[in-house]
Amino acid sequence: MRMLLVALPILLICQSAAAPALQSPAEPSARVGPPDSTAAPASPPLEGVPPDLLEQVRRVLGAPAGSAATSTTPSLPAESPPPLRLSPGASQPITPALGGARPTAVAGAVEEAAQDRVAVGTAGRLDVRFFNTELFLALEALGEQTGRNIVLQPGATGTVSLTLRDVTFEQALDAVLRANDLESTIRDGVVFVRPARKADAEPSLDMRMFRLSYVPAPDVEEFIKPLISTHGRMARTPAPKAGIGSSKDDAGGMSPAMGDVLIVVDQPDRLAIIEQAIAEIDAPPQQVLVEATIMRATLNEQNALGIEFNTLAGVDFQMLAGNSPGVGSLSLGPVPQPQLQNTSVAARTEFNSAIPAGGFTFGVVKDQVASFIRALEQITDVTILANPKVLTLNKQRGEIIVGRRDGYLTTTVTETAAVQTVEFLETGTRLIFRPFVTRDGFVRMEIHPEDSNGGLTAANLPFQETTEATTNIVIRNGHTILIGGLFRERSTVGKSQIPGLGSIPILGVLLGNNQNSTVREEVIILLTVHVLEPGAADADAEALYEDAERMRVAQRSGLSGLGRDHLAEAHYQAAVGQVRAGSIGAAIFNLRLSTGLRPRHADAVRLLERLTRDRTWQADGSLIRGHLRHRVRGEPRPADRGAFGRPLPIAPPEQQPKTRDGECAERASRTVDAEAARDEEGSDE
């Protein structure tokens, strides 16, 4: 209808412009009055156009109603031109076969406007123009220009008239389909066009099963829920149980042992989006190797100087039973009773008793005078270096502890009873962290390094000295950062002296003692982070495994050469060398010596079986050991086939010689089998 409204004015203009060219010069320009039977028609008829529509067009152009029959019209020659026809489905430009410059220009404009065109501009954007074009032809033009595969499903028909500029393929396709009440779905790169479903129509649903490798199904379900349509639904495997605690009661039960599975039922276009999302989500997680270096240095310096002076009057050291071990100190006994009637005087200072044992001691003892000097300087320098390493997944908690646990009792007293429990004090080196890997090469870390020592007192109470830090940091991959440090110095000055006299310069040193101590502590905590891709550390791990084996061999090489294990290994290695040299007999001899010294040497036993083509065997002597294999799994009994290298009691029938004795043996074997079968049937009944 819209196309007709556009085309009819053009036809009317063309018709009116062509009428003067058809008029004869000798005839009058107009004649008023009713037309007679000989008069030519006023204008060529427009076939295929409803009269009411034609009347509306004339009214828009300013012609009076009914002017088609009563308007002033020129006289036409006897032979009128053919009528103009407007076909509803025609896409060709309308060009009346009339002369004149004005109709030709108008017809060219109409022809240009009616051409279909799909042009590709910069960045793949399109300029599209369709005029009354069949849907198939329009989609074919879009597909050819953009390289897309488009399939029309049954019922996808219509025509298109539109003009679009600077649009994407998706926008152009959506405009074409919306004009005809159609919709599209994309599957495997092909665009399928179909009639749009009504709101109350039940869509077609497909089912897709996704096997997950790295992300648990409950986590993926939370991501997929916003992508599910109102008609879709999901099912998943249950969440696994957390933790690896030891338990004899909870060993898994009926928990599924397969990998996580997510089943989604939804429309095909939604399933394609969900599949793409799951492929992005279920990716191998990154691993983070964290190396912490904790250095703790303690310097303890002590200086002590003390002087002891003893002098007597009226008595001497001998009268008082004095004792001086090594002239390093002096101890006196009681004053004799007879001497108590006389005057006795003693002057003494004891300032070196507080000096720790050791160091320098100088003493003088003579009759009634004794003096001792003691000096000591102690320096203790302790350096502790801890370097724990642990590997964990992104966003997962990692923990490592290398130390000891000291147990102690705690008592809880209630009104009715006292309950004792055992708790543990953990000391040593400990590292707890959780990494968060970013896309720009950085790692955010929640980390708690700790280095401690302690124990239990005589009263069974715990004590602990610790160096620890708890922080949240951001560090670049492969770099080292200082996350904590401490420097502490404690100085103590102690002095004992005779009041007043000890403050005299120079002389005061002889009348007292001095104790000075300085304690310096320095703590440094470094952190190095490495983000490892899956399999990146395999070569390093293999090298460490080989180094561990070298250490084990080196440790065993230091054992006594007369030990059974050492001798067995020496014979085995000698046998291996002899096999390479081709001395099979000597190799068998050494292997027998090796297995004799160490019967459980599996490598020696296997090599001996290969060389001798024989295997040491013993019968089961049991009714139940082979029950699973022979009854449930349906494997032959040991009497029919040797197990563990045992020889067959009776050769198989195909290998027995066809002699009379062989026939008798075969007949006897069948008889034994028949009797055994009857016994089994009777036991079943």
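**View 1. Phe360 in strand S14 of the predicted model.** Phe360 is found in strand S14, residues 360-366; helices (H or I, at least four residues) and strands (E, at least two) are DSSP runs numbered from the N terminus. At 49% relative accessibility, Phe360 counts as partly exposed, a class lying between buried (under 20% relative accessible area) and exposed (over 50%), with a 1.4 Å probe and protein chains only. The model is predicted: local features need pLDDT of at least 70 and side-chain atom pairs pLDDT 80 or more, while totals for chains, interfaces and linings use all residues. Residues are numbered from 1 along each chain as its sequence is written, and side-chain values use heavy atoms, without hydrogens and water.

**View 2. A nonpolar surface patch.** Together with Phe362 and Val364, Phe360 forms a nonpolar patch on the surface, with about 290 Å² of accessible area in total (Shrake-Rupley method, 1.4 Å probe, only the protein chains shown counting as cover). Patch residues have over 30% relative accessible area and no salt bridge; like charges are joined within 9 Å and nonpolar side chains (Val, Leu, Ile, Met, Phe, Trp, Tyr) within 5 Å. A salt bridge is a side-chain nitrogen of Lys or Arg within 4 Å of a carboxyl oxygen of Asp or Glu.

**View 3. An open sheet of three strands.** The strand order is S3-S4-S6, with antiparallel pairing (at least two DSSP bridges between two strands). Strands S3 (117-120) and S6 (159-167) are the edge strands, each pairing on one side only.

**View 4. Strands S3 and S4.** Four bridges join S3 to the antiparallel strand S4, residues 126-134. Val118 stands opposite Val128 in S4.
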